[in-house]
Amino acid sequence: MKPLARYAALNNFVELGHSLGLDPARLMRDVGLDPASIGLQDRWIPAEAAVEVLERAAAAADRDDLGLALAQFRRLSHLGPLSLVLREEPDVRSALLLLIRHQHMYNEALRIRLTEQSGIATVRVALDLGYPGDFRQSSDLAVGVLHLLIQGFISPGWRPLSVSFTHPPPRDPRVCHSLFGPQVRFDADFDGISLYTKDLDTANAMADPTLRQYTQELLGDIDTPGAPTTEHRVRELVELLLPTGRCSVEQVARSLGVDRRTVHRRLDDDGTSFSAVLDDTRAELAQHMVAGRRQSMIDISESLGFASPGNFSRWFRKRFGQSPSQWRAEPTSHPPPDHQPGDPPPDNQPHHPPLVE
């Protein structure tokens, strides 16, 4: 199965495309994407389509720095519910490790690796689409966003030791220098950022005024026609918190800025419970991950918050009537789930007995 990414990978693409005189909708249709769905940030799309549309846009605009230009628009709040979790991490290292641990949850083609040696930390970024290619714009975008996130964790004036790119320098260096300063290396052997290890121990000073508005919107007026339900919002946070081992109703409530009783009450109004949302979210993610063949059963069990692969296997068999290995061996015999992880639950969806409270 080819890797997938969220529509969120194309945040601000339409605005940037228009500013460059492009037709973003046509470019998206040319790679098989639906322009009308770009607002559905949590919907999965083929990662290669997201990569290709950026490369085509760069060629059409004659801008070899388009990925960096797009990175300039990104803010912490564009990570959606993940931003609510990141802001609670105590230091830069914890926040980065959480981001890395979640990389498969929002872009299956993205590979971020953190190494530390002799007082220097290196964060390497790569894309794995299953075949070789020049993915410059998406790699630049990933490095740019990563730099802005670390800068937000530490301080606006922070600069890394160096920023490295495997490609030659852009024809116009202004955007690059505006983002990173002068410490940029081109034709390097990796794409990524080098910084002092002590920077990783810096207390997380992340502060984004839009987060308060985002939090308020999460549990806002759910009676507004078309507004996401509390169940959908809780589902998003459950999906993000599962790999951290901290997925509890208390943690979800804290991320939403309310108490646990409010979460229970609003979910009850939606006709469900926290345990049911947790179990259903696990089921949807498990189907996707097991069928995808890109992760081991050990990795999947950890990502879904199980204490051991054995616990995951027993839960999976009880839920689907087969072991994960049997499910993976017979992918064509399973119909796709009614909706993908991150989508609002369909009306009248039955809930299964809770396994974890």
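## Around Phe312

Let's start with one side chain. Phe312 touches Ala286, Val290, Met297, Ile300, Ser301, Leu304, Phe306 and Pro324, leaving aside residues up to four places away in sequence; contact here means heavy atoms within 4.5 Å. Keep in mind that this is a predicted model, where local features need pLDDT of at least 70, side-chain atom pairs count only at pLDDT 80 or more, and totals for chains, interfaces and linings use all residues. Residues are numbered from 1 along each chain as its sequence is written, and side-chain values use heavy atoms, with hydrogens and water left out.

## The nonpolar core

Phe312 also turns up in the largest nonpolar core, which has 94 residues; along with Leu10, Phe180, Phe274 and Leu304, Phe312 touches the most other members. Helix H8 (residues 136-154) supplies the largest share of this core, nine residues. (A nonpolar core is a set of buried Ala, Val, Leu, Ile, Met, Phe, Trp, Tyr and Cys residues joined through side-chain atoms within 4.5 Å; buried means under 20% relative accessible area with a 1.4 Å probe, protein chains only.) Helices are DSSP runs of H or I with at least four residues, strands are E runs of at least two, and both are numbered from the N terminus.

## The sheet

Now for the strands. Five of them make an open, mixed sheet in the order S3-S4-S7-S5-S6, where two strands pair if DSSP finds at least two bridges between them. Strand S3 (110-117) and strand S6 (184-185) are the edges, each pairing on one side only. H8 packs on this sheet, touching S3, S4, strand S5 (162-164) and strand S7 (191-196), and its direction makes about 20 degrees with that of S7.

S3 and strand S4 (residues 120-127) run antiparallel, joined by eight bridges. Glu116 has Ala121 in S4 as its bridge partner, while Arg111 has Ala126. The hairpin of S3 and S4 has two residues between the strands, and Ser118 takes a positive phi near 55 degrees there. S4 also pairs with S7, again antiparallel, over six bridges, and Arg124 stands opposite Gly192 in S7.

## Two crossing helices

How do helix H12 (residues 230-241) and helix H14 (residues 260-269) pack? Their angle is about 125 degrees, with axes 9 Å apart; axes are lines fitted to C-alpha atoms, for helices over the stretch in contact, and angles run from 0 to 180 degrees between N-to-C directions. That makes H12 oblique to H14, since angles under 35 degrees count as roughly parallel, over 145 as roughly antiparallel, 65 to 115 as roughly perpendicular and the rest as oblique.

Thr230, Glu231 and Val234 in H12 meet Val263, Arg266 and Leu267 in H14.

Note on methods
Buried means under 20% relative accessible area, exposed over 50%, partly exposed in between (1.4 Å probe, protein chains only).
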